[in-house]
Amino acid sequence: MKRITTISIFLLLLSLASLACFAATANSPLERLRSGVQSVINVLNDPQYKGVVDKQDEMNAKVREAVKSFFNFRELSKRTIGRPWLKFSSEEQDRFISLFTQLLEETYLGRIEDYTNEKVSFDKETIIKAKYAQVDTRLLTNKEAIPVIYRLKLIDNAWNVYDVKIEGISLVNNYRSQFAGILDTSSNDKFETSKKELFTRLEQKCHELKDQQEKK
């Protein structure tokens, strides 16, 4: 858990350069991922933000905007809940997506200062069942090369990330196991009660993380 929170999706975004091992087509999953990562890197390396303390909120907003351009948070949210997602109303699904996205943002944006010019090697893409793909990368630090695998889904002719696997640990599976420990589907009443508990915990965690950020 500590490992995945330390080197997870937003640490990926702290990577600097791509070293693709083969030429990919313009709209391939690999190129889509590389373009998205580069858009974040451009923000992090922008002289008007880099090292300027009173510009950090503005920079974080730019990073959020860039991340949302190639991450599918609806698909990510649906998969972290699993089958019970079908029992959420559309309003509850939207509320969960908003809170879960905020949770990820507050968790990982707080680690931006860890950025130390690591590089990313984009090694291989694999198309799975036409509309799913996997891109194998490595995060290259001074001490090691960390395997990071991205899962992407093709929707409306655009590939977007819905899961990240770091050293064999899936972001979706990691959070799904945590949410499954809260949601109780043994009866409708217990499900409704546990669903409220899930939203309450998410809101509390988001507030805690936001407070921690503001105190820095």
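Is the crossing of H4 and H6 left-handed or right-handed? In this predicted model, the crossing of these two helices, H4 and H6, is right-handed.

Helix H4 spans residues 56–68 and helix H6 spans residues 90–109, and their axes come within 12 Å and cross at roughly 125°. That angle makes H4 oblique to H6. The contact draws on Asn60, Val63, Arg64 and Lys68 from H4, together with Thr101, Glu105, Glu106 and Leu109 from H6. Sorted by class, the contact of H4 with H6 has two nonpolar, two polar and four charged residues.

Helix H6 also contains Glu92, whose side chain is joined to that of Lys195 by a polar contact of 2.9 Å. When residues up to four places away in sequence are not counted, Glu92 touches Lys87, Glu192, Lys195 and Phe199.

Strands E1 and E2 run antiparallel and are joined by nine bridges. Within this pairing, Ile128 has Tyr132 in E2 as its bridge partner. The two strands, E1 and E2, form a hairpin with three residues between them, and Lys129, which lies in the turn, has a positive phi of about 55°.

| Element | Residues |
|---|---|
| Helix H4 | residues 56–68 |
| Helix H6 | residues 90–109 |
| Strand E1 | residues 119–128 |
| Strand E2 | residues 132–140 |

Notes. Residues numbered from 1 in each chain as written. Predicted model: local features only at pLDDT ≥ 70, side-chain atom pairs only at ≥ 80, totals over all residues. Heavy atoms only, no water. Axes fitted to C-alpha atoms, helices over the stretch in contact; angles between N-to-C directions. Helix = DSSP H or I, 4+ residues; strand = E, 2+ residues; numbered from the N terminus. Parallel < 35°, antiparallel > 145°, perpendicular 65-115°, else oblique. Left-handed = near helix turned anticlockwise from the far one by under 90°. Contact = heavy atoms within 4.5 Å. Nonpolar A, V, L, I, M, F, W, Y, C, P; charged D, E, K, R; others polar. Pairing = 2+ DSSP bridges. Polar contact = N/O pair within 3.5 Å; in protein donor to acceptor, adjacent residues only side chain to side chain.
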